[in-house]
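Reader: I am new to this structure and would like to go through it by question and answer. Please show it before we start.

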Amino acid sequence: MKYISKISTLIALLLITLSFTACDSEQECAIYTNATDGAAFINASLANITVSPVDPTFTVDIVRANAGGELSGTVALTAMVDDEPLSGCTVSGYTFAAGENMTKITVNVSPLEIGKELNVTLTLDNTNEPISGSNTVSVTVNKDYNWVSLGTGTFADVLAFTEKPYNVEIQKADGFDRYRVMKPYEQGLKNDDGEWGNAVAATSCDYIEFWIKDSIIYYNKFFIGINYDGNASNAIYAHHPSDFAGISLVNNKQLDDKTFQLAPYYYIEALQGGFDYTGEGGSILITLP
């Protein structure tokens, strides 16, 4: 369940704005009353949301400046996948209890298929545009994969802790060529096999998620748990070569039925440079159970 809230900031802005709007009794009827009685979304768009396949719902905050009596209303929903409407998605109505400035609506995206991207637009039943906030909000929604543990495999990263492999849990997305290596750096950094000393950070990525497309292995950037020169501002992230121009992707590949090679560029954003391991042999080997 996702929950998005910046309520205190918006209400403060609403109240400040309204205090300057009600200039006299004639203007108050036309501007002040309608604005304070209406509801609004905090923003016109929200960050991407991933819902669980077990509970494919998320909530969105709605606010109002006038916390007087009870206020109820409806919300319209538009759901699109690949520019085509997706039927069956629903959104609840909203109700503010007397004295409440904030309430939530619940969106259910059960019909969304795993691996698809859903564009949702929600529209309040207000007839007047709110002074602050928005009558509509848009958000991109994905449904998470069903992750199944395959058992214990191995993980090695020659930059982080030499070629010594460590036992790790490997998960697979049910029905997809998509994998997760769980807590890949935890034990190797604890032992400090790479002799990084005080450059070893307190945390590292919880998992590396990778997938195969057109015989190339892809992955999102991940923190290897090392800060260059021991400075937290110099965190080393492993990037897929596709994040940069002019670097070959071909060494990110499957070697056999159970072995995967990752050839990332280890990038330090603050220094705008890093360690190039995108060549033949890469730096990371993962074996399935």
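Author: Two strands pair if DSSP finds at least two bridges between them; helices (H or I, at least four residues) and strands (E, at least two) are DSSP runs, numbered from the N terminus. This is a predicted model, in which local features need pLDDT of at least 70, side-chain atom pairs count only at pLDDT 80 or more, and totals for chains, interfaces and linings use all residues. Residues are numbered from 1 along each chain as its sequence is written, and side-chain values use heavy atoms, with hydrogens and water left out.

Reader: How many bridges pair strand E21 with strand E22?

Author: Strand E21 covers residues 265–268 and strand E22 covers residues 273–276. They form a hairpin with four residues between them, and Gln272 in the turn has a positive phi of about 55°. Tyr265 stands opposite Asp276 in E22. The two strands pair in the antiparallel sense, and the number of bridges is four.

Reader: What is the order of the strands in the open sheet of four?

Author: E1 (residues 40–41) and E3 pair in the antiparallel sense over two bridges, with Phe41 opposite Ile62 in E3. Seven bridges join E3 to strand E9 (residues 102–108), again antiparallel; Phe58 has Val107 as its bridge partner there, and Val63 stands opposite Met102. The open sheet has antiparallel pairing and the order E1-E3-E9-E7. Each of its edge strands pairs on one side only, and these are E1 and E7 (90–91).

Reader: Why is strand E3 largely enclosed by the rest of the structure?

Author: Buried means under 20% relative accessible area, exposed over 50%, and partly exposed in between (1.4 Å probe, protein chains only). On one side of E3, Thr57, Thr59, Asp61 and Val63 are buried, and on the other so are Phe58, Val60 and Ile62. E3 (residues 57–63) is largely enclosed because the number of its seven residues that are buried is seven.

Reader: Which backbone oxygen does the side chain of Thr103 reach?

Author: Thr103 lies in strand E9 and is buried, with a relative accessible area of 12%. Its contacts (heavy atoms within 4.5 Å), not counting residues up to four places away in sequence, are Val60, Asp61, Ile62, Tyr94, Thr95 and Phe96. At 3.0 Å, the side chain of Thr103 reaches the backbone oxygen of Thr95.

Reader: How many residues does the largest nonpolar core have?

Author: A nonpolar core is a set of buried Ala, Val, Leu, Ile, Met, Phe, Trp, Tyr and Cys residues joined through side-chain atoms within 4.5 Å. In the largest one, the residues with the most contacts inside it are Phe155, Tyr185, Phe222, Ile224 and Ile286. A second, separate core of 26 residues includes Phe41, Leu46, Leu122 and Val139. The residue count of the largest core is 30.

Reader: Which strand gives the largest share of the lining of the largest pocket?

Author: A pocket is an open set of points on a 1 Å grid over the protein atoms alone, where a 1.4 Å probe fits, with protein on both sides within 12 Å along at least five of seven lines; lining residues have an atom within 4 Å of a point. The largest pocket is lined by 18 residues, of which Arg178, Arg180, Glu209, Trp211 and Asn220 lie nearest its centre. Strands E11 (136–143), E14 (178–182) and E15 (207–213) each give two or more residues to this lining. The largest share, four residues, comes from E15.

How values were computed
Polar contact = N/O pair within 3.5 Å; in protein donor to acceptor, adjacent residues only side chain to side chain.
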